[in-house]
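Visitor: I'd like to learn how to read salt bridges in a model. Can you walk me through some?

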Amino acid sequence: RRSRRTEMRRQWPSIARTAVRSLSSSGEGLAGRHQTAIVHELWKSREQLRRAAALAATSPTLQVAGEASKPAGASRTEAVYQFRGDETLADAYKNPWGGLRLGRVLEDLDALAGSIAFKHCCVNGDGSVRPLLLVTASVDRISVNGALPRPNAANDVLLAGSVIWTGKSSIEIRMFVKDETHEESWLTADFTFVARDINTKKAASVPQLQLETDEEKTVFEQVEKQQEARKRLRKMARKDDHMRVVADAAKKLLDKAAPLRNLPALADARHILLDATKLSNTFMTQPQQRNTAGRIFGGFLMRRAFELAYTTAYLFGGVRPRFEEVDEVSFHLPVDIGQLVQFESAVLYVTSPSHRTFEYEVGKGDAPVDAAALNEDPDSLLHCEPESSDGRPTAHIEVQARVIRPEHVCSMLSNTFHFTFSYDPDIADRIRLPLPSTQEEAIRVVHRRRADTLQRLTGKQ
């Protein structure tokens, strides 16, 4: 036995060295190998171009200027889930009920958006690459077409997208997901990226969009109006009068929650403290979750947030929820390998016929609200958007991701995610109304309701 162990020890170093050499010698697209097949392929092609960009950034003789403008079609990128011909791939994307695993799709959409942004901002028509740092500023909305059946892994599914709007240093990308059995898109997603100089980190210009068709012009004008409306509303929101209105709206919510805090045995049984809806999990980020820049892949974080939000909605309603949309995702800080990340979810507010009385007492229910009123009237800030298009009650869930640094006894907000789920109308009477117990929670609720209402208002323009 002793001689056998000795022989194994002699063999192990050579075996270990062979394994390491084998892994390092095929390092192309290494980060993507730990992701989905689509992410791996997108990143592998992008890494080849990124190497050329890095070389150009460090060599004065290889400096590459960006093109002044590009056609919208130049950035179009497609990826296909060939589920019918690949049982292994189909199995990787199935959820427990045979449908499509949406967290995986969100992960892939993030990678697809990055490839589209890179193609538009960095890759010139002659094949040269302009070195830029591209940052995801926000995910403005990911919405589902409720009129179509939910796709499953039995049919092939197409992911595609392109740049639809450009500013001085920012671009907006629209992507869609389409089942092969339907002409219409089942899911639509809008991502915003900003460009930075790779050396100075200051804002860098991006190629403007060449609009060649009437449809491209119409979409560009719609996004332009939305961007202008959001700028005006953000400017108004910074005024002292608006902050007073927010404080007044938050006080109304806290007053409504007072019986739950002070006399819980006598409080309305249909109400529940927001704190009671919370779930959380904490994990350490691993090298296998990195992106091509060496930091934690945003798509991975979005998938983890979605899965926690789904679980929160399930436990809150008591029945399986239906995903409706990602209302907004904000990126505050990058997350690095080896950091502790804590996700915390909560149901901020709900829409349900059983809570109409509350809406008319505190807010305006389904009464029309305009954008100006949201900055002047506290009742307008408590306005709820109606249920889903088919009358289903909804739960609006926020997930906050924080990087925890135990050595420094501190934590920092890295990402904020907002999701909407709906329930079968038959359980509308069982949906309880979450109410805040602190000023901080109340303000979060008010801001979220305002943002959701503004999203609908600016989207109609």
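Guide: Let's go through the salt bridges here, pair by pair. Keep in mind that this is a predicted model.

Visitor: How many salt bridges does the structure hold?

Guide: There are 19. The general idea is a distance test: a side-chain nitrogen of Lys or Arg has to sit within 4 Å of a carboxyl oxygen of Asp or Glu. Take E107 and R303, whose closest N and O atoms are 2.7 Å apart.

Visitor: Which parts does that pair tie together?

Guide: E107 lies in helix α4 (residues 102-122) and R303 in helix α7 (residues 298-317), so the bridge joins parts that are 196 residues apart in sequence.

Visitor: Is E107 buried or exposed? And what about R303?

Guide: The cut-off for buried is under 20% relative accessible area. E107 comes in at 2%, so E107 is buried. R303 has 12%, so R303 is buried as well. The pair also belongs to a network of salt bridges that links R101, E107, R303 and E307.

Visitor: What about D190 and R174?

Guide: Their side chains meet in a salt bridge at 2.8 Å, N to O. D190 is buried at 11%, while R174 is partly exposed at 25%.

Methods
Residues numbered from 1 in each chain as written. Predicted model: local features only at pLDDT ≥ 70, side-chain atom pairs only at ≥ 80, totals over all residues. Heavy atoms only, no water. Helix = DSSP H or I, 4+ residues; strand = E, 2+ residues; numbered from the N terminus. Buried < 20%, exposed > 50% of the residue type's maximum accessible area, 1.4 Å probe, protein only.
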